[in-house]
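User: I would like to go through this model with you. Could we start with how far to trust it?

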Amino acid sequence: MRWPAYVVGTILACSAAASCVSATGRADGLDVSKLPEAERADYAVFAQRCSKCHSLERPLESGIDSDDFWVAYVEKMRRMPSSGISPDDTVPILRFLHRFSETERQRKAHPAPAADDAGPTRAADTGVSP
Amino acid sequence: MNRAIVALVVVVVSVAVPLLSPPAWAVDRTFSGSAQLDYLFVPTEKGANASAIGFDGFTTEANVKVAADISQHLSANVKLCYGCHGFEADMAYFDYRVRDELNIRVGRFSPSFGAFNVRHDPANHGLSDKPLPYDMGRMLRRTDWNEGVLPSPFPDNGIEVNGTHWFGEWAQLDYAAYLVSGFKASENALDLDFVQSRSTYYVDNNSRPTGGGRASLTLTLSKTSDATLGASGMYGTFDPMNRLTYGIFGGDFSMRFGQTNLRMEYLVRRQEFDTSDASLFKYPIASKDGNFFLKHGAYIELEQPVSGRVTMLGRIDGLYRDGNVAATSELLRRSDVGRATFGSLFTIERGLRVKASTEVYKFSDVDPNGRTVEVGFHLAFVGVF
């Protein structure tokens, strides 16, 4: 077996794995189609700016639910070199994170029934509004 | 052994303190980390055993990081890593930020150099291996090449002044200037000693800091695209007697269109060596410019998500070395290596990903079996929290 065969084999294996993974599991970000129309623009700015250096699971799984802390956190990210997060970008990003945190707080306060927990999604994946 | 115990205690305390802290702590502290288990398989080596030319088999990179905002101006970061070298403090520093444009960093940190190291965590990269200019320990024939141009990460003790400024909403200018201990090597060494540079004692070997800096400009082209252009450099001495210098310089450019990322970098290291003992070298020492070598490295990388859970990646990178070599070296006066990598990143669950890639190496030098081509497969699991 020569090296071109290895490369072709890898491409085929990756394609097969991609098909399997695409059919199951959960993406790093939220499902935009399940977000309320009015919130999609804010999420789009968040998803674009906050995935340049790291995946979206970093903020979404951080467990932060305080608006004051989000302000400090986003400011810190904005100051990172080459962040591309402008001062104006922080407004829709913080607006999205406020709604997301609110949903997370409600989810923690009123956990879904056990049967619903069994699925791959949870409240945050179905949109940031209750 | 004592070091391992101390490091273990520090890791346990780092993990336990945030978990056991009262909820109020969450207001000004964050705790994060990642772990990557990678398996490298090299089928082109006899018996698929590449231990003579690289670290095949399993390798693990793991880290935990605690960031604390002590006041509006003062913050602290501590990051502990575990990798092939064992435990290492990758970060342990304070930031005192006077304003966006002026931040003073003191402690142990990776000085600002290049674009790759900005996304320093393995979980932030789609491929298991680093680009060859930044390779540390993963490239095949690594001993012959003595790693890349600037093996990453490169934590060091020192002070850095940095800052950022936005011009309206469309341009971000960043700068950094630093003094750190610098790389090390023994007297009469022919190259930097990266093991000595990152092992006990964690002190300067020549009482002279290495200086450097970086500047970058990021332009916001639209709501979904931006571009960054950067330049970096560092210069210092590495031998105990302060006679031999090294200088590393680089340029980088990256663009983002939607979720598509295009990244490219070029690095070069000018490395002096001691020529007092000609018997140490493979070639006669030239009377002009015979006391240094140049090591160039570059890569171009394209990252393209194809669905919410699958990202495809391609990278072409290489190294070129020009200069005299040790008498025992497999390299020639001019040697190069090129590599093409194709890979995928699969998100299994938010916080858990699989990386798979194939890399094809083409060396200019023939190995003892007459081969110039090597192939490597990487399969890695990455967890993030």
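This is a predicted model: local features need pLDDT of at least 70, side-chain atom pairs count only at pLDDT 80 or more; totals for chains, interfaces and linings use all residues.

User: Which elements of chain A have the lowest and the highest mean pLDDT?

Analyst: The lowest mean, 48, belongs to helix α6 (residues 114-117) of chain A, and the highest, 93, to helix α2 (residues 37-49) of chain A.

User: And where does pLDDT stay under 50 in chain A?

Analyst: Over residues 115-130 of chain A. For that stretch the model has 32 contacts beyond four places in sequence.

User: Let us turn to α5(A). Which of its residues are buried?

Analyst: I93(A), F96(A), L97(A), R99(A) and F100(A) are buried. They lie on the same side of α5(A), because they cover an arc of only 165° around the axis. The cover over them includes α2 and α4 (67-78) of chain A.

User: What does the face turned away from that buried side carry?

Analyst: That face of α5(A) carries the exposed residues R105(A), Q106(A) and A109(A).

User: What is the span of this helix?

Analyst: Helix α5 (residues 90-109) of chain A has 20 residues and reaches 28 Å from its first C-alpha to its last, close to the 28 Å expected.

User: Now the contact between the chains. How many residues does each give?

Analyst: Chain A contributes 36 residues and chain B 42 residues. On the chain A side, α1 (3-22), α3 (57-60) and α4 each supply at least two residues, and α1(A) gives the most, with 10 residues.

User: How does that side of chain A divide by class?

Analyst: The side of chain A that touches chain B has 15 nonpolar, 12 polar and 9 charged residues.

Terms used:
Residues are numbered from 1 along each chain as its sequence is written. Chains are lettered from A and ligands numbered from 1 in the order in which they are written. pLDDT is the predictor's confidence in each residue, from 0 to 100. Helices (H or I, at least four residues) and strands (E, at least two) are DSSP runs, numbered from the N terminus. Two residues are in contact if their C-beta atoms, placed from the backbone, lie within 7 Å. The expected span of a helix is 1.5 Å times one less than its number of residues. A residue is buried if 20 or more other C-beta atoms lie within 10 Å of its own, exposed if 12 or fewer, and partly exposed in between; C-beta atoms are placed from the backbone. The arc is that of the directions from the helix axis to the C-beta atoms. Ala, Val, Leu, Ile, Met, Phe, Trp, Tyr, Cys and Pro count as nonpolar, Asp, Glu, Lys and Arg as charged, and the others, Gly among them, as polar.
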